[in-house]
Amino acid sequence: MRIERELMRGAGPVAVLKLLEGGAKYGYELIETLARSSDGVLDMGQATLYPLLYNLEAQGLVKAEWRESPSARQRKYYALTANGKKRLAHDVEQWRAVARAMQGLGVLQPGLGGATA
């Protein structure tokens, strides 16, 4: 199940920031990890990911640099900045608040989505 465009606009940036929390990644690696880790729900193509990354970079939330990958290919790696780490923490708290609200409405079952106090 893929989520609708409006939900992806909200979920996409925080999902990418969260993946980068574990270390720098290149674009295709992000696409593959998003699809695999979310069972395809947050699957996004290059046409969605790269504008999102450019936007995050323009906001100073990620930085990009060209590096040689383990396969000896040059790849553009993206990493969280200090501001990106702060934004991620803020966004995670907001998503938890949304999840708690949805639990209160009966949309989500308790215990799903990390919506603990």
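Trainee: How many bridges join strand β2 to strand β3, and do these strands run parallel or antiparallel?

Mentor: The model is predicted: local features need pLDDT of at least 70 and side-chain atom pairs 80 or more, while totals for chains, interfaces and linings use all residues. Residues are numbered from 1 along each chain as its sequence is written, and side-chain values use heavy atoms, without hydrogens and water.

Strands β2 (residues 62-68) and β3 (residues 74-80) run antiparallel and are joined by 7 bridges; strands pair if DSSP finds at least two bridges between them. Helices (H or I, at least four residues) and strands (E, at least two) are DSSP runs, numbered from the N terminus. Within this pairing, A64 stands opposite Y78 in β3. The hairpin has 5 residues between its strands, and A72 there takes a positive phi near 75°.

The axes of α1 (residues 5-21) and α3 (residues 46-58) come within 11 Å and cross at roughly 75°; axes are lines fitted to C-alpha atoms, for helices over the stretch in contact, with angles from 0 to 180 degrees between N-to-C directions. The two helices, α1 and α3, are therefore roughly perpendicular, a term for angles of 65 to 115 degrees. Their contact (heavy atoms within 4.5 Å) is made by G12, P13, V16 and L17 of α1 with L49, L52, L53 and L56 of α3. Helix α2 (residues 27-37) also comes within 10 Å of α3, axis to axis, crossing at roughly 120°. Here G27, Y28, L30 and I31 of α2 meet Q46, L49, Y50 and L53 of α3.

Methods:
Angles under 35 degrees count as roughly parallel, over 145 as roughly antiparallel, 65 to 115 as roughly perpendicular and the rest as oblique.
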